[in-house]
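Let's take a walk through a protein together, starting with the molecule it holds and ending with a single residue. Keep the picture open as you read.

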Amino acid sequence: MDKRKIWVVCDAFDHVDSFTGQLISKAYQLSKESNGSVQAVFIGNASDDELKRCALYGADEVVYQQCETKDEKVWLDILSDIYSSIGADIIMFTNTDFSKTLSSLFASRFEVGLTADCIDICFEEENGFVFERAAMSDSVQARIICINSQCCTCTVKKNAFVETEINAQKELNIRKWEYTGSFIADPAYEIINSVKRVCENNTDLDNAKIVFGVGRGVKDGETFDMICQAGKKYNAVVVGTKCVVDDGLLPKKLQVGQSGCSIAPDLYIAFGISGANQHLVGIRNSRQIIAVNNNENAPIFNIADVKIVADVKEFMKEFAE
Ligand SMILES: Cc1cc2nc3c(=O)[nH]c(=O)nc-3n(C[C@H](O)[C@H](O)[C@H](O)COP(=O)(O)OP(=O)(O)OC[C@H]3O[C@@H](n4cnc5c(N)ncnc54)[C@H](O)[C@@H]3O)c2cc1C
């Protein structure tokens with residue numbers, strides 16, 4: 001039986017960083033469990049000496065495509081070309097913003113399974129590769145297998161695995177790829193515009209008199225931007241629930257609640273926040289709470305001083321005026 005092909009897509013461009021080392025180390029462990037071989041797919045601009053470092057963590061082969069640009073579309077085509085030619089059973093990506101985009105475009109192009117933010121991966125004879133990730137607001141650890149999928153892909157959380165140098169001296173094959181730009185596939189997507197949302201507000205939570213809380217009810221970037229602009233105008237700090245922070249809209253230091261920070265402002269305005277206990281413990285010392293939610297039964301209304309049943313976007317349009 002052919003060896004299972006375990007790929008690690010290296011995204012540090014010109015060197016093998018620690019995150020990549022973590023993934024190759026895990027791939028090496030999986031290769032031993034599953035009778036596999038580890039291919040590090042390296043796109044970018046690195047010296048042979050740098051590529052050879054992949055062997056330290058257990059790679060059998062580096063497939064290297066020299067490339068001057070770090071662009072998802074270009075990398076997607078190169079990756080597609082390599083995959084179409086040599087195939088893979090499992091492909092591991094880091095969970096950097098770049099690799100999250102690349103992996104989802106790849107999975108959608110080839111209609112293969114993708115498990116995001118894995119914290120563990122194992123191999124079972126019966127199920128093949130099994131991915132583990134937190135689910136349902138971290139309350140359970142889900143085990144996920146890909147069915148009806150030729151290959152399974154995943155993104156992995158940083159520090160989920162340990163970067164481990166292997167003792168054995170490995171023979172590393174460096175395969176120089178020559179992408180000719182000939183890969184033809186229906187483009188699965190077209191990027192019309194790309195906007196990185198940043199909230200450039202006051203972040204001094206300890207001294208904040210006014211705090212705006214953003215929840216999952218704030219569904220689009222435009223509404224988020226309106227809240228940030230209003231925050232700037234009123235010198236409010238914009239914070240979020242765990243869901244919003246997990247989605248990458250705000251940094252972890254601005255998560256309020258059980259696993260974030262606690263606040264005690266004069267005024268807290270909750271936009272599209274349900275009012276889960278884990279959030280409420282972080283805001284209960286606020287002097288005044290205003291809640292905007294389109295569900296009149298949302299638990300946040302039980303503790304709010306002012307209750308506004310409204311669509312948050314419509315509310316913000318009026319608020320802005
Ligand atoms: C161990 C553990 C620790 C946790 N720690 C934290 C923590 O520190 N902080 C935290 O916040 N959470 C924490 N959570 C998660 C918490 O349980 C909730 O899942 C989370 O607070 C819910 O976030 P949310 O209100 O943004 O989203 P949801 O619960 O999905 O609520 C969205 C709300 O928006 C409303 N809405 C939807 N559309 C609109 C609209 N158009 N206009 C107006 N309203 C709308 C909905 O009615 C709903 O009430 C933790 C969970 C666990 C298990």
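A polar contact is a pair of N or O atoms within 3.5 Å; within protein, one of the two must be able to donate a hydrogen and the other to accept it, and residues adjacent in sequence count only if both atoms are side-chain atoms. With that in hand, look at the ligand: one of its nitrogen atoms is 2.8 Å from a polar backbone atom of Val-256. An oxygen atom of the ligand lies 3.0 Å from an N or O atom in the side chain of His-279.

This is a predicted model, where local features need pLDDT of at least 70, side-chain atom pairs count only at pLDDT 80 or more, and totals for chains, interfaces and linings use all residues. Residues are numbered from 1 along each chain as its sequence is written, and side-chain values use heavy atoms, with hydrogens and water left out.

Now take in the whole shell. The ligand is surrounded by 26 residues, counted when one of their heavy atoms lies within 4 Å of it. The closest are Arg-216, Lys-219, Thr-241, Ser-259 and Ser-274. Helices α6 (242-246) and α7 (277-283) each supply at least two residues of this shell; a helix here is a DSSP run of H or I with at least four residues, numbered from the N terminus.

Finally, find Gln-22 in helix α1 (residues 18-34). Is Gln-22 buried or exposed? Gln-22 counts as buried because its relative accessibility is 4%, and buried means under 20% relative accessible area (1.4 Å probe, protein chains only).

Notes: Buried means under 20% relative accessible area, exposed over 50%, partly exposed in between (1.4 Å probe, protein chains only).
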